[in-house]
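Here is a short briefing for a reader meeting this structure for the first time. Keep the sequence and the model side by side while reading.

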Amino acid sequence: MNSVEYVAKILKDEGVTWMSCYPSNPLIEAVAREGIRPVAFRHERGAVMAADGYSRLSDRRQFGVVAVQSQAGAENSLGGLAQANADNVPILALPGGNSLDMLFVRPNFFAARTWEPVLKRAEVITRPDQTGNVMRRAFHALRSGRPGPVLVEMPGDVCAQQIPENAPAYASPSVALYSPSASAVAEAARKLVDAQDPLIWAGAGVMTAGATSELRALAELLDVPVYTSMPGKSAFDERHPLSVGAGGSTVAGPARQWLDGCDVLFAIGTSLTATPYGQRFSRDKFLIHSVIADDEINKDTVADIGLVGDAKLTLEALLDAVKGLIGEAGRDTGVRARVKAARDSWLAAWQPYLTSDDGPLSPYRVIHEMNQVLDSETSVVTHDAGAPRDQIVPFYNATTPHSYVGWGKTTHLGFSIPLMIGAKMAAPERMCVNLMGDGAFGMSGLDIETSARAGIPITTIVLNNGIMATYPGGFPTAREQFGVSLMQGDYAGLAKAMGAEGIHVAQAAEMGPALERAKHLNADGKTVLIDVKSRAEDSRSPARFAK
């Protein structure tokens, strides 16, 4: 077999069942012959983002795989890879490549070199007999250490050659895990036990490590509130009496209260990267920072204790250490009543937004109906960039792991449609729903056709307000004189033209029934787009200041 066929066989042996792709790559035919399903998207960025969505819902041995063509196909893929890199999501990217003698010749595109800043690892198959070694190193990078996208570039002339009989055989790498030192764990446990008003900050690394039950056990043992970052939203059940909610650029009121008031902050599975799409905290807090990559500690924040290692192993060690200090039964600090009071007060102030019957619909009323109608334990929900993200993150109730997929740091409009297609591939039994604005729809709306054509049914809710609502006062002259930031469209009609079901919603009373209908249509294998006539609201300010 040649290198392309060998890579396809390796993917099959590693349990890969599908591969996103666009538009052409020799691997597409090779994986199909191995029984791996190729799913063609409408653009390369969508294919990359679908692989990302699949990875976010999978365990550490499985991840999304994407193949694009060399040159223009690789050039168009950069945005999706940048998003995966920022959110620490493992993706195996397999672009075609120019022949070896053309890799360094301008203007030919050399993906391994150009993409390197947004990759965890980049390699090129330069000899057919090295295919197995290159793929072993790629799978090791995907499974161990800090998660991130990995590239294997496949030059056409090399990969068309036969694998020599004496070439090193592929060997599947196991997951390599490590944990912090016992002394550091003991110091952290003592500080958490002695704290007057501690807070746990949980990030996506908790879910990547499969450590959500350990997180809950530690919170309950210590009787400590839990805040989740936007990428970490759903790592802790927001119905739990110790949950203070989640935040990105906006935040739940109780979360902001504890971020301001806590004296000890234990951050687990999060980089604490200083970003416009995350919450901040003051330096007067004692910070215990636990993350898998040592270069994340003391990066943007000063850590008083650093715990480098896998989140699950770290939490298990902390549980043992805390039990040695306070016993197995745990304690009652009275904090649950304080959390409830804070949450009740915050939600009461927001009820006029959440339950408004006015038309066009408030985005908050849409989110309220999602909370009422969707079964959060059997659904996967996500936002898109911009106003929908800022509006939904504090208010949608995430319950089980991955019932909500938060993403941010670098925020590409249109990510949510291909993300949900990938999520549906990872969890076909769940209803997968994304909330987006009409501006975001313009970036990936044609992948509604991908969802319908491929039989991967999702539900997309478009807030059709005719304006890019994230920029309410950014350029008034350009908007008033030239229509900049204004837009129009019948998105439900477009969905129907692409083979999906389109539903129009103009009144608040129609939103719940539309979601119920979408449930049944998705269950029947049909893709749905709900076009909501909504009003433009500056969502960021009221949620950020957390009434």
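Which residue forms a salt bridge with Lys 299? The partner is Glu 296, and the closest N and O atoms are 2.7 Å apart. Keep in mind that this is a predicted model. The points below cover charged pairs, an open sheet and the nonpolar cores.

**Salt bridges**

- The count of salt bridges comes to 30.
- Lys 299 is partly exposed, at 37% relative accessible area.
- Asp 344 is partly exposed, with 38% relative accessibility. Lys 340 reaches 53% and is exposed, because the exposed class begins over 50%.
- Arg 56 and Asp 52 form another salt bridge, 2.4 Å from N to O. They sit four residues apart in helix H3 (residues 44–56), about one turn of the helix.
- A network of salt bridges links Glu 14, Arg 61 and Arg 143.
- In general, side chains of opposite charge can pair when their charged atoms come close.

**The open sheet**

- Six strands make up an open sheet with parallel pairing, in the order S15-S14-S16-S17-S19-S18.
- The edges are strand S15 (404–405) and strand S18 (501–505). Each has a single partner strand, so one side of each has no neighbour in the sheet.
- Strands S16 (residues 431–437) and S17 (residues 459–464) pair in the parallel sense over five bridges. Gly 437 has Leu 463 in S17 as its bridge partner.
- Helix H15 (residues 363–373) lies across S14 (379–383), S16, S17 and S19 (528–533). The helix runs at about 160 degrees to S17.

**Nonpolar cores**

- The largest nonpolar core holds 89 residues. Leu 215, Phe 266, Met 370, Ile 461 and Ile 530 have the most contacts inside it.
- Another core, of 55 residues, lies apart from the largest one. Val 39, Tyr 54, Val 380 and Tyr 491 are among its residues.
- Leaving out residues up to four places away in sequence, Phe 266 touches residues including Leu 192, Trp 201, Ile 288, Ser 290 and Leu 318.
- In soluble globular proteins, nonpolar side chains tend to be buried together.

How values were computed. Residues numbered from 1 in each chain as written. Predicted model: local features only at pLDDT ≥ 70, side-chain atom pairs only at ≥ 80, totals over all residues. Heavy atoms only, no water. Pairing = 2+ DSSP bridges. Helix = DSSP H or I, 4+ residues; strand = E, 2+ residues; numbered from the N terminus. Contact = heavy atoms within 4.5 Å. Axes fitted to C-alpha atoms, helices over the stretch in contact; angles between N-to-C directions. Core = buried A, V, L, I, M, F, W, Y, C linked by side-chain atoms within 4.5 Å. Buried < 20%, exposed > 50% of the residue type's maximum accessible area, 1.4 Å probe, protein only. Salt bridge = Lys/Arg side-chain N within 4 Å of Asp/Glu carboxyl O.
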